[in-house]
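Please examine the sequence and the three-dimensional model together.

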Amino acid sequence: AAKVAALRPLLSEFGLMHRRVQVEVEWFIALSDAGLRQFPPLGKAARQKLRRRVAAFAEADAQAIKDIEKTTNHDVKAVEYWIKAGFEGDAELAAAAEFVHFACTSEDINNTSHALMLKHARAEVMLPALDAVIDTLRGMAHALAEVPMLSRTHGQTASPTTLGKEVANVVARLATARECIAAVPLRAKMNGAVGNYNAHQVACPELDWPAFSRQVVERRLGLVHNPHTIQIEPHDYMAELFDAFARANTILIDWARDVWSYVSLGYFKQRLKEGEIGSSTMPHKVNPIDFENAEGNFGLANALLAHLSQKLPISRWQRDLTDSTVLRNMGVALGYTLLGYDSLQRGLGKLQVNDAALAADLDAAWEVLAEAVQTVMRRHGLPNPYERLKAMTRGKAITAAAMRKFIQSLELPAADKQRLLALTPAGYTGLAAELARRV
């Protein structure tokens, strides 16, 4: 619970009610500025009073709304009544009370509130947490840029890389995914029961309601106006946002599994924590549980994010209610994502490079130099270079002596031959270190 505490006031039932109050208040104030004869502009004190109620919204206020809801059995109407109850003793506000929730359908309030919830959760919690993961990995990429490591493609030995370069690959992927998350526009609508401003136009035909709605959504709430909807905002942006989070999570699942495997190979050791136990029966165990927890949490998050993404854009005719209960799980999906970030960070903080294990693996894989040798042979036109190296190395363990003996037998320019003879698996990393430092 402590690890997702930052999301709780934003994506909980409390968070939803808080944003509903904000939307109702801003709509009410905007209506007072719309030039309606029956609702003159509110004074400075009234505006400040209303906005203070939003800023100071607390659990006691949320409970008061829930108490009203016990009678209304309607959550948005309970918010309206709670706001109006606060007008008692204020003649200016009381005179305009019926302009609270004026011409609105519940979904006008709900969709804007959900967008505000996601706006604050993304900006204040999720992106900073993801940025912290990226920063940790970037630091690793730079620090380990020159640490050579044997690659494995299809699980078999392959051209060496550096540990830092492999981390840099993850950083580059995450940076792209992060941009996608941040770039999703958070859309909202305030256009009535089926999206046509029906009641608005009958009650106040003199107003340009689409322009007014846009002004409230964009200038007062800081969202992006969607002019064409049914009763509900179609949630396409939500699908895009949740898919973007899921893509970042998938990248981190990939990385968590790789690190788990590197720990298994001995490339990484894990710092010991005093008093911690790895197994109830095997005292030697130091398990990579943080990476396992990260993978599990990201998997749960993605299952929920996928359902949100696939279900929310679908609504029967002008609306059904299936989105309402599903939307209450936004916090669960992002909460599991946040837990994944936390687990990953803790795991990364325990890692120590095992240089001896890395060096031993490289020194036992001289066959990986076959790629370099046959490529130099190709450049100088030697016959059947690929086939000759294949016959020598495929499926075989090659020693340093055997590789150097083969190189000595080649009719190559002296400089190229010496460069190949000086080459070792640990030194055959190409531009890996430079690429690692570029992220």
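The model is a predicted one. Its protein chain has a secondary structure of 20 helices and 6 strands. Along the principal axes, the C-alpha trace spans about 100 × 55 × 40 Å. The radius of gyration of the chain is 31 Å, whereas a compact globule of 439 residues would have a value near 22 Å. Of the 439 residues, 49% are buried. Among contacts with a separation of 6 or more, 78% join residues 24 or more positions apart. The accessible surface amounts to about 21,000 Å², and carbon and sulfur atoms contribute 54% of this area.

When neighbours within four places in sequence are left aside, Phe 28 is in contact with Phe 39, Leu 42, Leu 50, Phe 87, Leu 93, Ala 96, Phe 99 and Val 100.

The geometry of the rings can be considered next. A pair of aromatic rings is described by the distance of the centres and the angle of the planes. The model has a count of 11 aromatic pairs. One of them joins Phe 28 and Phe 39, a tilted pair with 5.0 Å from centre to centre and 40 degrees between the planes. This pair links distant parts of the chain, 11 residues apart: Phe 28 belongs to helix 2 (residues 13-32), while Phe 39 lies in the loop between helix 2 and helix 3 (44-55). Phe 28 counts as buried because its relative accessibility is 2%, under the cut-off of 20%. Phe 39 is likewise buried, with a relative accessible area of 2%.

Phe 99 and Phe 102 also form a pair: their ring centres are 5.0 Å apart and their planes meet at 40 degrees, so the pair is tilted. Phe 99 is buried at a relative accessible area of 14%, and Phe 102 is buried at 17%.

A further contact involves a charge and a ring. The charged end of Arg 53 sits over the ring of Trp 82, at 4.0 Å from the ring centre.

Terms used: Residues are numbered from 1 along each chain as its sequence is written. This is a predicted model: local features need pLDDT of at least 70, side-chain atom pairs count only at pLDDT 80 or more; totals for chains, interfaces and linings use all residues. Side-chain values use heavy atoms; hydrogens and water are left out. Rings of Phe, Tyr and Trp (its six-membered ring) pair if their centres lie within 6.5 Å; planes under 30 degrees apart count as stacked, over 60 as edge-to-face and the rest as tilted. Helices (H or I, at least four residues) and strands (E, at least two) are DSSP runs, numbered from the N terminus. Buried means under 20% relative accessible area, exposed over 50%, partly exposed in between (1.4 Å probe, protein chains only). A charge sits over a ring if NZ of Lys or CZ of Arg is within 6 Å of the ring centre and within 35 degrees of the ring normal. Contact means heavy atoms within 4.5 Å. The radius of gyration is taken over C-alpha atoms; the globule rule is 2.2 Å times the number of residues to the power 0.38. Accessible areas come from the Shrake-Rupley method with a 1.4 Å probe; for residues, only the protein chains shown count as cover.
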